[in-house]
Amino acid sequence: MTEQPVELNLPSRIASIDEAATAVTDAARRIGFPDEALFGIELAVREAVTNAVLHGNRQDESVPVEVGVSDAGAEMVVTVRDRGTGFGPARVADPPAASRQLYALALDCDAIAHLRSVALRWSKSPVIRTG
């Protein structure tokens, strides 16, 4: 089943993290992801939206965090976009902590990209990770 895309424009405040996580998890459930996958999806979305609210938009409620969910056939794609200056590994103040956060995100999804937005992708078929 192909789900209608979800598009959210949320104010950059802490309460928006819950709203985004709930909307994405609900969409993932409708798309057909099993219950055991929903926790990882929710966790990754919470981390991405938290970074957008706190670091990208610096909790400026007049600046939105955009969250999108699309059913791309074999995968679900979640995008989180803020209005910050973007980042890369060389620009992060505390590389070990930032690396742990990005690593945690990467464990829960099949692909991740970063700069001014984050794209999280989950395959509808299970991925078996070894090692």
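**View 1. Val-69 in strand 2 of the predicted model.** Val-69 is part of strand 2; strands are DSSP runs of E with at least two residues, helices are runs of H or I with at least four, and both are numbered from the N terminus. This is a predicted model, in which local features need pLDDT of at least 70 and side-chain atom pairs count only at pLDDT 80 or more, while totals for chains, interfaces and linings use all residues. Residues are numbered from 1 along each chain as its sequence is written, and side-chain values use heavy atoms, with hydrogens and water left out. Val-69 has 4% relative accessibility and counts as buried. Buried means under 20% relative accessible area, exposed means over 50%, and partly exposed is in between, with a 1.4 Å probe and protein chains only. Residues up to four places away in sequence aside, Val-69 touches Pro-5, Val-6, Val-24, Ala-27, Ile-31, Met-76, Val-77 and Val-78; contact means heavy atoms within 4.5 Å.

**View 2. The hairpin of strand 2 and strand 3.** Strand 2 and strand 3 run antiparallel and are joined by 6 bridges. Two strands are said to pair if DSSP finds at least two bridges between them. The hairpin that they form has 3 residues between the strands, and Gly-73 in the turn has a positive phi of about 80°. Opposite Val-67 stands Val-80 of strand 3. In a regular strand the side chains alternate between the two faces of the sheet.

**View 3. Val-24 in helix 1.** Val-24 is found in helix 1. Its relative accessible area is 1%, so Val-24 is buried. Beyond its neighbours within four places in sequence, Val-24 is in contact with Ile-41, Val-45, Val-67, Val-69 and Val-78. Val-24 and Ile-41 are 17 residues apart in sequence, and their C-alpha atoms are 7.9 Å apart in space.

**View 4. The largest nonpolar core.** A nonpolar core is a set of buried Ala, Val, Leu, Ile, Met, Phe, Trp, Tyr and Cys residues joined through side-chain atoms within 4.5 Å. The largest one has 27 residues, and those that touch the most other members are Ile-41, Val-45, Val-49, Val-67, Met-76, Val-78 and Trp-122. Two or more residues come from each of strand 1 (6-11), helix 1 (15-31), helix 2 (35-56), strand 2 (64-71), strand 3 (75-81) and strand 5 (117-123). Helix 2 gives the most, with 8 residues. Val-45 touches Ala-20, Ala-21, Val-24, Val-78, Leu-120 and Trp-122, when residues up to four places away in sequence are not counted. In soluble globular proteins, nonpolar side chains tend to be buried together.

**View 5. Ser-12 in a loop.** Ser-12 lies in the loop between strand 1 and helix 1. With a relative accessible area of 0%, Ser-12 is buried. Its side chain makes a polar contact of 2.8 Å with the side chain of Asn-57. A polar contact is a pair of N or O atoms within 3.5 Å; within protein, one must be able to donate a hydrogen and the other to accept it, and residues adjacent in sequence count only if both atoms are side-chain atoms. A polar atom of the Ser-12 side chain also lies 2.5 Å from the backbone oxygen of Val-63. The residues that Ser-12 touches, not counting those up to four places away in sequence, include Val-53, Gln-59, Asp-60 and Pro-64.

**View 6. The salt bridge of Glu-61 and Arg-13.** A salt bridge is a side-chain nitrogen of Lys or Arg within 4 Å of a carboxyl oxygen of Asp or Glu, and the count by this rule comes to 5. Glu-61 and Arg-13 form one, at 3.2 Å from N to O. Glu-61 lies in the loop between helix 2 and strand 2 and Arg-13 in the loop between strand 1 and helix 1, so the pair ties together parts that are 48 residues apart in sequence. Glu-61 is partly exposed at 46% relative accessibility, and Arg-13 is partly exposed at 36%.

**View 7. Salt bridges around Arg-46.** The closest N and O atoms in the salt bridge of Arg-46 with Asp-18 are 2.5 Å apart. Because Arg-46 lies in helix 2 and Asp-18 in helix 1, this pair ties together parts that are 28 residues apart in sequence. Arg-46 also meets Glu-42 in a salt bridge (2.9 Å, N to O). Both of these residues, Arg-46 and Glu-42, lie in helix 2, 4 residues apart, about one turn of the helix. Shared partners join Asp-18, Glu-42 and Arg-46 into one network of salt bridges.
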